[in-house]
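Please read each point alongside the sequence and the coordinates.

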Amino acid sequence: MKAIVRVTAVLLTLGALPGLAQETPKPVVQAYEALADTILALRQAESAFVRSVLDGHLHAARALREKGDWEGVAAQMALFANEGDNAIGGVRKRLLDGGHHFNAEEEEQGIYEPGYVIVTKKAKRKMLEALTALRQAEDEAGRVAAWSDFKELARELLSVE
Amino acid sequence: MSHGAPLRAFLVVTTAVAMTTEAAAELRFVDVAAEMGVTTRTWCGREEKPHILESNGTGLALFDYDGDGDLDLYLVNGWRLEGAEIAERGRDALYRNRGDGTFEEVTAAAGLGQDGWGSGVAVGDADGDGLPDLLVTNFGPDLLYRNRGDGTFEQVPDSPSIDGWSAGAVFFDADRDGRNDLLIGGYIDCTLGEVLTARPELAWQGLRVMAGPFGLEGLANRYWHNEGGGRFREATSEAGLSDPGLYYSFGILAADLDGDDDVDVYVANDSNPNYLYRNDGGGRFQEMGLWSGAALDHGGNAQAGMGIAHGDVNGDGRLDILVTNFWKDASTLYLNHGDLVFEDSTSAWGLHAPTFLPLSWGAALADLDADGDLDGFVANGHIYPQADLAPAAETRFRQRNLLLENVGSHFVDRTSTAGPGLEIEESSRGLAVGDWDGDGDLDLAISNMDAVPTLLRNDSTPRGAWLLVDAPAASRVTVEAGGARQTRHWTAGGSYLSASDRRHHFGLGAAERIDRLRLRTEAGRDIELRDLPVDRVLVARSLR
């Protein structure tokens, strides 16, 4: 916001200058630089934020796994695969409606769901398969195997910056 | 699951039209709307449909409002627009079944005929007097009509309402206190001014069509607890039935999806994950859609959920769900494996190919040939009239509906061989199922955009034996006959903006007797009857 104010102030100043400017005045470039920093930082902030949401679901799943609460684990796996719950989905819907697509190019290529930040379509499908396998497993070994599959996928996603 | 007085006695009423056979049935349907005297045209905006509200269509209901034992028909109506003007405010219509194969319109005499921009209809006993009341959802205030029991209705002041574009609605007893609560789904937050001034803005197939739902704000679903005495109190958050994503909700189904004797809720959301709310038994819900596997398709994609069909497709005693979706996206069959584990089994059941190209809305799973398994019927129609100008899209605004025969392990598309009723091309929306002519097979009522409804009389021959169980307070009905066991569940809502007959229909194939019939009461007690005749209507009322 500060940067926007600065740019506006510089442009207003420019309007008052006599004659034609041969190049973009340095203060304008600097203001734009600052604005670019803000834009890029916001993108990084969004990525970090979604990463923290996912990390929270993974930690919760681990804690529930320790308690042997497999249904709870499954619920956290579902939320991870969907990059958050329906409330987060509502926020994402707002962003999309406003024209914000985090991975626009990759969405075009079918790699990401619209608006998704970290979880790829492929990873989502595999995670949901692991979730189904966990919920349908007839014994502990089956549940542990499904959980391991999910953990591996989650680790891969969260380790990529 | 309570719907008026608790069960106290069991009564068998007989009507018999025997036509039992072991031969495979040929499914056949004939449109008899004109013959039966149903002439009301239901409107939905302008011909070119520049606003998404004009793609909504309207619902209908088959229910016995006057208690004479046959099914009557209620049609919800919208408005007709010309340019930016309201050309006609269509009135809802009530048709009374004369019992002689014809309907008579009795709208005004029954005190009905609201002229709001209608959307859907729910049927349920709102005031506990044992009579079916009506809730009409509108683009505008929703209206609750109390059935007086003398063939007339009165509008209830201060009806529970979403004052906006509401879609599906359902009455059900969430907390098992004996009173029916109410859930209404919200679709999009928009104003009449926006509708009237809308222009086709979205680029599609080289044409301009209506925009949405992406880019438009959703409208929250709302839930009301029935306080008794006809009073409702909003309790959406308290009950856990909130709609945090403001998803675009259409069809709503209330049913016991996890078999624990309370009513859960499933909501088909357009372009967003579907909701599945699990009831804790006391009327508190938790949304479990993603966890259950019934929120997304097998690829993890949110689809454009429109309508919901429900029933036990594979004979394992559990309620499966079929959700209808958009053009070039298959309707999705979620098989219920128990404990709320649902699996997308669309392809395995042969549903991908026949449902991929149509744009689908109302749907039903019903034993249309009475051979002992549930067949499928899907109402189709595109949202863009401009589709007729885009041959590359491989679709049309007006489409054939879809008839799917269950052959035990999968469905087979029987649309092209099912008679003149399946040759009709309209832009269909609502669908309700019931035996309106009392001959023991299930007929179909379908609402069409800017047209009269299609009333498909079931002329399938030869047809298996049947049983119709009228047990509104039973949570589950199980029939064993001819070596097979079938289960029907108490459900409400489903389809698209419509309400089907709530009685439980069983096709019994070649069975000549019913070995065993078991009714699960709302208290969880089973009542069993043995060695019953087929081709009968069994009425179970006031049985404790």
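1. Two strands pair if DSSP finds at least two bridges between them. Helices (H or I, at least four residues) and strands (E, at least two) are DSSP runs, numbered from the N terminus. On these terms strand β12 (residues 164–172) of chain B pairs with β13(B) in the antiparallel sense, over five bridges.

2. The model is predicted: local features need pLDDT of at least 70, and side-chain atom pairs count only at pLDDT 80 or more, while totals for chains, interfaces and linings use all residues. Residues are numbered from 1 along each chain as its sequence is written, and chains are lettered from A and ligands numbered from 1 in the order in which they are written.

3. Strand β13(B) has a further partner in strand β16 (residues 222–228) of chain B, again antiparallel, over three bridges.

4. A residue is called buried if 20 or more other C-beta atoms lie within 10 Å of its own, exposed if 12 or fewer, and partly exposed in between, with C-beta atoms placed from the backbone. Six of the six residues of β13(B) (residues 181–186) are buried, so the strand is largely enclosed by the rest of the structure. B:Asp181, B:Leu183 and B:Gly185 point one way from the strand, B:Leu182, B:Ile184 and B:Gly186 the other way, and all are buried.

5. Chain B also holds an open sheet of four strands in the order β3-β4-β7-β8, with antiparallel pairing. Its edges are β3 (60–63) and β8 (103–105); each has a single partner strand, so one side of each is left without a neighbour in the sheet. Neighbouring strands here are turned by 20 degrees against each other on average, direction ignored; axes are lines fitted to C-alpha atoms, for helices over the stretch in contact, and angles run from 0 to 180 degrees between N-to-C directions. Four bridges join β3(B) to the antiparallel strand β4 (residues 72–75) of chain B, and B:Leu60 stands opposite B:Leu75 in β4(B).

6. Chain A has seven helices and zero strands. Of its 161 residues, 26% count as buried. Two residues are in contact if their C-beta atoms, placed from the backbone, lie within 7 Å. Among contacts in chain A between residues at least 6 apart in sequence, 53% join residues at least 24 apart.

7. Which residues of α6(A) are buried? They are A:Ala123, A:Lys124, A:Met127, A:Leu128, A:Ala130, A:Leu131, A:Thr132, A:Leu134 and A:Arg135. Their cover includes α3 (70–81) and α7 (140–159) of chain A, together with β25 (342–344) of chain B.

8. Between the chains, 16 residues of chain B are in contact with 20 residues of chain A. The chain B side divides into seven nonpolar, seven polar and two charged residues; Ala, Val, Leu, Ile, Met, Phe, Trp, Tyr, Cys and Pro count as nonpolar, Asp, Glu, Lys and Arg as charged, and the others, Gly among them, as polar.

9. A nonpolar core is a set of buried Ala, Val, Leu, Ile, Met, Phe, Trp, Tyr and Cys residues joined through C-beta atoms within 7 Å. Of the 169 residues in the largest one, A:Met77, A:Met127, B:Val121 and B:Tyr266 touch the most other members. The largest share of this core, eight residues, comes from α3(A).
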